[in-house]
Amino acid sequence: MAATSYCSRAVAPLAGLLLLSFGSLATSQIEEQAEQFFRSGHTNNWAVLVCTSRFWFNYRHVANTLSVYRSVKRLGIPDSHIVLMLADDMACNPRNPKPATVFSHKNMELNVYGDDVEVDYRSYEVTVENFLRVLTGRIPPSTPRSKRLLSDDRSNILIYMTGHGGNGFLKFQDSEEITNIELADAFEQMWQKRRYNELLFIIDTCQGASMYERFYSPNIMALASSQVGEDSLSHQPDPAIGVHLMDRYTFYVLEFLEEINPASQTNMNDLFQVCPKSLCVSTPGHRTDLFQRDPKNVLITDFFGSVRKVEITTETISLQTDLGILESSGHTWKLLVP
Amino acid sequence: MGLLSDPVRRRALVRLVLRLNAPLCVLSYAAGIAWFLALAFPPLTQRTYMSENAMGSTMVEEQFAGGDRARAWARDFGAHRRKLGALPAAWLERTMRSVGLEVYTQSFSRKLPFPDETHERYMVSGTNVYGILRAPRAASTESLVLTVPCGPDSTNSQAVGLLLALAAHFRGQIYWAKDIIFLVTEHDLLGTEAWLEAYHDVNVTGMQSSPLQGRAGAIQAAVALELSSDVVTSLDVAVEGLNGQLPNLDLLNLFQTFCQKGGLLCTLQGKLQPQDWTSDGPLQGLQTLLLMVLQQASGRPHGPHGLFLRYRVEALTLRGINSFRQYKYDLVAVGKALEGMFRKLNHLLERLHQSFFFYLLPALSRFVSIGLYMPAAGFLLLVLGLKISSAPQSTCDQPPSGPSPLGLGQGWRTYDTRVRGDMQTHFFG
């Protein structure tokens, strides 16, 4: 009798301890999840997609840009947050045997033009000046809203550029060029004006790696389709249309992006592996030294999608200000803790 | 001091040149001839390549399959022509309209400047018939021409049949960005010249031609077709034009790549392409090159294309030859090559200007550019230069005896030595 009462008295605190431990485990899990809200530090996503070359034989550059546009829209970034600049109209070019379509694959399965494409800068409006104005925000007051990059310091921006390039420059419209120094300075202006939280820069041109060599602003990650001295090659020759439909690097990036959905946890390291030299013939390069976070912690959807994080909890959580994240992003802000 | 500005060394150089004048002339002449003959051999010849980025490779899908229609139309055309004795313009107009083109005719006449054995002055008159295929979605700013010359001795009816079949096929496509003009001319080159003059609104040969009712914009390129029968064993291409003018090399490259793609046997100057360049390749190349030089030197346009070149319209003439060879190609193969060429020309944004305008062809896939064949001419002209340089010395060296050649009398004699000195300094200074 005394032994059982002794046991029950011993079990109760044990049970209590166990429950407490479980409870604390559970709350710490929820807190961990809550902390994941602020892991990336951004609250909205923007995309600036630029195709800089015109003429029918540069069909593939328009197809490249439209493929990225399609992926970005599919993953959640709305048209109001995408600035799409296409230097020429391939879908309605008189030479297009399939009018109102732009294909990215020679099986004609994917019409990347679609029926809800919104081109913000078209034809001759795609100039170096307009591009830099969009990035830096120095836009005349009469510019319509769809042509503005209205990003703030909590925006993650994806900038994709394609066209003909060389060592240190990218050709716009066969008549002017933007140099890597101008681009780096534009990004620095964006940083100083607090126009981005993090920036992902992807470029698919010949000698693309030269374009990101000069960046010096923080929180920029860059990918390029080829190193200096290498040419980026085209892919998908199509005899029915008579031109090459895509460039190799963007073709494989598109294939990679087609596997991503808004909930996927694929990180940037996987994107760096896309299109090895055996498939791409050129060597894709990337640059992450300016980026604060580790690329393996950066989700693809941090830049390519607009994922709203929603977690439903049944208990209250006290949020800790994670000074590590705040300090690394270089912002000072006050968290109002209830 | 430089060689020519130092008077002592200049005089030494002059003396050397004058002393070795004859050997230098012979050497220079031999070098010129040797350089010219060496043009056919590999280091000086280069492989042809497409320079125009817009035309790219032969990456098009040819879908022409109108061989039977072409032959049927060719038979009809031949029959009508024999009945009429001249170009059956009404029949052509009807057929082109049924295919869906905008048809216009043009009549022309010309009094030939040389007398005929039967008449005092020979008057030639005829009609050209042409149909325009308008680009479905583009403004009619540019055009391409496919022309078939019909003469009294060469009826060329198979080519007319192929032209009509191609027109019918092209009419069903939506990817044309330039208008295509299908032109059938009478009296061969006379008709072509009349049409071109009226199209460009000039009158250089004194032809009386009615003005053209329909136009289609600036002509970017033209192809002339001559077929002797409905099966061909090879396609011969002619490039030399009026006064030896040549079309842009890219047009020839385009034709050559489509020959390769379609497996057609294509010849230049009637000579087959050498398969290997080690055995008798270079000699054959030399022969082709010399033939081309002779044809250019004659100044005659070797086909209707020669007349287009004067208006800076790149043009070629393709001749189908039926000889005793085992493998024959039918009209569909020729039609496919033409379709491919026109589809690629459709991609052009500007006139052909990226490739060479002056070249020599030892073979269809090899060319010699002007930069490489000019030194041969330069060496030959150097002979004249050397001879000129030696001439005043020879007259001035002789002692003044008798009246001077210019008959200027005594004063000239004393002037002579001063002039001689001046001439020396001025000639080489």
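Colleague: Is A:Cys51 buried or exposed in this predicted model?
Modeller: The cut-off for a buried residue is under 20% relative accessible area. A:Cys51 has 0% relative accessibility, so this residue counts as buried.

Colleague: Which cysteine sulfur is nearest to that of A:Cys206?
Modeller: A:Cys206 is in no disulfide. At 19% relative accessibility this residue still counts as buried, since the limit is under 20%. The nearest cysteine sulfur lies 12 Å away and is that of A:Cys280.

Colleague: What is the handedness of the link of A:Cys275 and A:Cys280?
Modeller: The sulfur atoms of A:Cys275 and A:Cys280 are 1.7 Å apart and form a disulfide. Both ends are buried, A:Cys275 with a relative accessible area of 4% and A:Cys280 with 1%. The angle about the S-S bond is 90°, and the link is right-handed.

Colleague: What is the handedness of the link of B:Cys259 and B:Cys266?
Modeller: B:Cys259 and B:Cys266 form a disulfide with their sulfur atoms 1.8 Å apart. B:Cys259 is buried, as is B:Cys266. The angle about the S-S bond is -80°, and the link is left-handed.

Colleague: How many disulfides are there over all chains?
Modeller: A:Cys275 pairs with A:Cys280 in a disulfide, and B:Cys259 pairs with B:Cys266. Over all chains, the count is two.

Note on methods:
Residues numbered from 1 in each chain as written. Chains lettered and ligands numbered in written order. Predicted model: local features only at pLDDT ≥ 70, side-chain atom pairs only at ≥ 80, totals over all residues. Heavy atoms only, no water. Disulfide = S-S within 2.5 Å. Buried < 20%, exposed > 50% of the residue type's maximum accessible area, 1.4 Å probe, protein only.
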